[in-house]
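Here is a short briefing for a first look at this structure. Start with the view below, then work through the topics in turn.

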Amino acid sequence: MECRSTVLGHLQRGGSPTAYDRILSTRYGEAAVNAIINKKFKTMVALQNDEIVPVNLIDVVGIPYLVPAIHDLIKTGHSLGISFGD
């Protein structure tokens, strides 16, 4: 059986990065560096209402968003042979 390896990136999203993608990534990078310079550690940068803002990590990971095991997407994944660690 033949097996190939593919590194997913823009391919997974469906094509080459657009100008908007490139500008947005630059904005994220700038905001991340500014957060470090301003000693805003334990934060991440996020896009909110077209603004890049720092967000406390505890606010992001504090509440888990769980998908019920009986959800159609989980059932579909199982039928395709995808393992979710269960």
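The structure holds one salt bridge. Arginine 27 sits in helix α2 (residues 19-37) and aspartate 50 in the loop between β1 and β2, so the pair ties together parts that are 23 residues apart in sequence. The model is a predicted one. The protein has four helices and two strands.

**The salt bridge**
- The partners are the side chains of arginine 27 and aspartate 50, at 3.8 Å from N to O.
- Side chains of opposite charge can pair when their charged atoms come close.
- Arginine 27 has a relative accessible area of 27%, so it counts as partly exposed.
- Aspartate 50 is partly exposed too, with a value of 47%.

**Overall build**
- Along the sequence, the elements follow the order α-α-β-β-α-α.
- The radius of gyration is 18 Å, whereas a compact globule of 86 residues would have one near 12 Å.
- The C-alpha trace spans about 50 × 35 × 25 Å along its principal axes.
- Buried residues make up 10% of the 86 residues.
- Take the contacts with a separation of 6 or more: residues 24 or more positions apart account for 14% of them.
- The protein exposes about 7,700 Å². Carbon and sulfur atoms supply 60% of that area.

**The hairpin**
- Strand β1 covers residues 43-48, and strand β2 covers residues 51-56.
- The two strands run antiparallel and are joined by six bridges.
- Threonine 43 has asparagine 56 in β2 as its bridge partner.
- Two residues lie between the strands of this hairpin.
- Asparagine 49 takes a positive phi there, near 55°.
- Aspartate 50, the salt-bridge partner of arginine 27, is in the loop between β1 and β2.

**The nonpolar surface patch**
- Which residues form the nonpolar patch on the surface? They are Met44, Leu57, Ile58, Val60 and Val61.
- Together these residues have about 430 Å² of accessible area.
- Helix α3 (residues 57-61) gives the most to the patch, with four residues.
- Methionine 44 belongs to strand β1.
- Is methionine 44 buried or partly exposed? Its relative accessibility is 31%, so it counts as partly exposed.

- Helix α4 spans residues 72-79 and includes histidine 78. Glycine 77 is also placed in helix α4.
- Glycine 77 is buried, because its relative accessible area is 4% and buried means under 20%.
- Histidine 78 is partly exposed, with a relative accessible area of 37%.
- Leaving aside residues up to four places away in sequence, glycine 77 touches Ile82 and Phe84.
- With neighbours within four places set aside, histidine 78 is in contact with Phe84 and Asp86.
- Phe84 is therefore a contact of glycine 77 and of histidine 78.

**Distances across the model**
- How many Å separate the C-alpha atoms of histidine 78 and arginine 27? They are 38 Å apart in space, and the two residues are 51 residues apart in sequence.
- Glycine 77 and isoleucine 52 are 25 residues apart along the chain, and 33 Å separates their C-alpha atoms.

Technical notes
Residues are numbered from 1 along each chain as its sequence is written. This is a predicted model: local features need pLDDT of at least 70, side-chain atom pairs count only at pLDDT 80 or more; totals for chains, interfaces and linings use all residues. Side-chain values use heavy atoms; hydrogens and water are left out. Two strands pair if DSSP finds at least two bridges between them. Buried means under 20% relative accessible area, exposed over 50%, partly exposed in between (1.4 Å probe, protein chains only). Contact means heavy atoms within 4.5 Å. Patches are made of residues with over 30% relative accessible area and no salt bridge: like charges are joined within 9 Å, nonpolar side chains (Val, Leu, Ile, Met, Phe, Trp, Tyr) within 5 Å. Accessible areas come from the Shrake-Rupley method with a 1.4 Å probe; for residues, only the protein chains shown count as cover. A salt bridge is a side-chain nitrogen of Lys or Arg within 4 Å of a carboxyl oxygen of Asp or Glu. The radius of gyration is taken over C-alpha atoms; the globule rule is 2.2 Å times the number of residues to the power 0.38.
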